[in-house]
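The text starts with its geometry and then turns to what surrounds it.

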Amino acid sequence: MKKQRKKDTKRPTISFIVHSLSDSYGQLLFAGIADAAHQYDVNLICFVGRDLKSPRGYESQANLIYQTAAHQGIDGIIISGTISNFITNEEINNIKEYKTI
């Protein structure tokens, strides 16, 4: 059942950051988050940008999309752990401080 929002209340927008939607894990995560966003009447934007700081070929260039994920118009961010394969525990703990994730 969809939650009703007060008419004068701004509809929140959240971003979902994930490594990939080409595998079943990413697809299942996205499907569950999309269902919850619909249920709670929240806008959802998905950003697929591969692993942070990936050493594989040009994969790290895909990280540029994450700069948009933390834009001022975003009210919240859901970050999949799948993007953290090549960053340190300290960077994971401080990810909330990233201006450009």
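Helices (H or I, at least four residues) and strands (E, at least two) are DSSP runs, numbered from the N terminus. This is a predicted model, in which local features need pLDDT of at least 70 and side-chain atom pairs count only at pLDDT 80 or more, while totals for chains, interfaces and linings use all residues. Residues are numbered from 1 along each chain as its sequence is written, and side-chain values use heavy atoms, with hydrogens and water left out.

In helix 1, the buried residues are G26, I33 and A37. Seen down the helix axis, they fall within an arc of 45°, so they line one face of helix 1; the arc is that of the directions from the axis to the C-beta atoms. Buried means under 20% relative accessible area, exposed over 50%, and partly exposed in between (1.4 Å probe, protein chains only). On the other side of helix 1, S24, L28, D35 and H38 are exposed. The buried residues of the helix pack against strand 1 (13-18), strand 2 (43-48) and strand 3 (76-79), where contact means heavy atoms within 4.5 Å. Just after helix 1, D41 has a positive phi of about 55°.

How many aromatic pairs does a search of the whole structure find? The search finds one. The ring centres of F16 and F30 are 6.5 Å apart and the planes are at 25°, so the pair is stacked. Rings of Phe, Tyr and Trp (its six-membered ring) pair if their centres lie within 6.5 Å; planes under 30 degrees apart count as stacked, over 60 as edge-to-face and the rest as tilted. Because F16 lies in strand 1 and F30 in helix 1, the pair ties together parts 14 residues apart in sequence. F16 counts as buried at 1% relative accessibility, whereas F30, at 29%, counts as partly exposed.

The protein as a whole has three helices and three strands, in the order β-α-β-α-β-α from the N terminus. Its largest nonpolar core has seven residues: I17, F47, L52, Y66, A69, I83 and I87. Such a core is a set of buried Ala, Val, Leu, Ile, Met, Phe, Trp, Tyr and Cys residues joined through side-chain atoms within 4.5 Å.
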